[in-house]
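Here is a short briefing to read alongside the structure. Take a moment to look at the fold before you go through the points.

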Amino acid sequence: MKFRCVCLIGLLMLIAGSAHGRVLQQFTDRTLPASLTLPTAGIFLHSDTLRLNGRLLSRSIDYTIDLQSRYLNLSQIRLNTGDTLVVSYHEVPPWAASVY
């Protein structure tokens, strides 16, 4: 059952990726908020990626995310002058949001 669920999620991500693709948001040291609500109907599980100056950050250590509310807590991240944070994720398409 777990394998079927993972396959279904992967298929949904593939379909959504072709229609919506990966969403990217970039922040610099002066524009990084302590929290962020992502402007989308939903986010696919484990599709979020945060990179600080190209270094991959760890979910639950460097940041937390609530997929249902689309809320990212960024308070653990400290930026220095010249640093760049890139947030990327796959959004759930509106037609699948009610079942995902």
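**Around I77**

I77 touches L32, L50, L52, L57, D62, Y63 and L85, leaving aside residues up to four places away in sequence; contact means heavy atoms within 4.5 Å. This is a predicted model, in which local features need pLDDT of at least 70 and side-chain atom pairs count only at pLDDT 80 or more, while totals for chains, interfaces and linings use all residues. Residues are numbered from 1 along each chain as its sequence is written, and side-chain values use heavy atoms, with hydrogens and water left out.

**The nonpolar core**

- The largest nonpolar core has 18 residues, and L50, L72, L74, I77 and L85 touch the most other members.
- Such a core is a set of buried Ala, Val, Leu, Ile, Met, Phe, Trp, Tyr and Cys residues joined through side-chain atoms within 4.5 Å.
- Strand 7 gives the most to this core, with 3 residues.
- In soluble globular proteins, nonpolar side chains tend to be buried together.

**T49**

- T49 sits in strand 3; strands are DSSP runs (E, at least two residues), numbered from the N terminus.
- T49 is buried, at 17% relative accessible area, where buried means under 20% (1.4 Å probe, protein chains only).
- The C-alpha atoms of T49 and S88 are 5.2 Å apart, although 39 residues separate the two along the chain.

**The sheet**

- An open sheet is made of 3 strands in the order 2-6-5, with antiparallel pairing; two strands pair if DSSP finds at least two bridges between them.
- Strand 5 is joined to strand 6 (residues 71-73) by 3 bridges.
- D66 has Y71 in strand 6 as its bridge partner.

Key. Helix = DSSP H or I, 4+ residues; strand = E, 2+ residues; numbered from the N terminus. Buried < 20%, exposed > 50% of the residue type's maximum accessible area, 1.4 Å probe, protein only.
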